[in-house]
Every structure is written in C-alpha cells, then in structure tokens.
Amino acid sequence: CGHGVGRLFHGPPDIPHYRRNKAVGVMKPGHIFTVEPMLNASKKGRSRTWPDGWTAVTVDGARSAQFEHTFLVTEDGFEVL
C-alpha cells in the first residue's frame, strides 16, 4: 500500500494497489504520495506481516521484491521526486 508524505512520513492517505479496494478521494496539486508495489513469485497470492509490524512476506516463502516511487501532484500532472 502506498501512502501520503507529510508531517508523518507514512501518513494518510493509504493508497491500495489492488483491485476492488475501497479507497476514496482525489489527489490535488501539492499532494505528495508514494506508490509501493510488491512483486512476488507466489502461487498462493497471499502475504503476511512479521511481528516487527513492517516486514511483509509471502505465506509460501516465495521470492519477492518491493520498491517505492514518490510523486508530487502538480497543476498539470505530476513530478517524480
């Protein structure tokens, strides 16, 4: 899930990256947010979070990769930060 960037680094809004999510709202000029896809080779398609509350892994231990891009919404589009 992506997130907003402001006074709190991992702040609202949460930005789900999957179908049939229930996110609402419109990004406006000046908003900064991240896109954080997790790609994995799992056949089960499920993940879990370790007790540290941060680390995400597939339930079957498949190889995974996660990366993050940060964007600024501008008057005429967006800028990759």
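Is Phe71 buried or exposed? With a relative accessible area of 17%, Phe71 is buried, where buried means under 20% relative accessible area, exposed over 50% and partly exposed in between, with a 1.4 Å probe and protein chains only.

Before I go on, please keep in mind that this is a predicted model, in which local features need pLDDT of at least 70 and side-chain atom pairs count only at pLDDT 80 or more, while totals for chains, interfaces and linings use all residues. Residues are numbered from 1 along each chain as its sequence is written, and side-chain values use heavy atoms, with hydrogens and water left out.

As for the fold, the protein has 0 helices and 9 strands, taken as DSSP runs numbered from the N terminus, with helices being H or I of at least four residues and strands E of at least two.

Now to the rings. Rings of Phe, Tyr and Trp (its six-membered ring) pair if their centres lie within 6.5 Å, and planes under 30 degrees apart count as stacked, over 60 as edge-to-face and the rest as tilted; the count here comes to 2 aromatic pairs. Phe33 and Phe71 are stacked, because their ring centres are 5.7 Å apart and their planes stand at 25 degrees. This pair links distant parts of the chain, 38 residues apart, with Phe33 in strand S3 (residues 32–35) and Phe71 in strand S8 (residues 69–74). Phe33 is buried too, at a relative accessible area of 15%.

Phe71 also pairs with Phe78, with centres 5.5 Å apart and planes at 70 degrees, so that pair is edge-to-face. Phe78, however, is exposed, at 58% relative accessible area.
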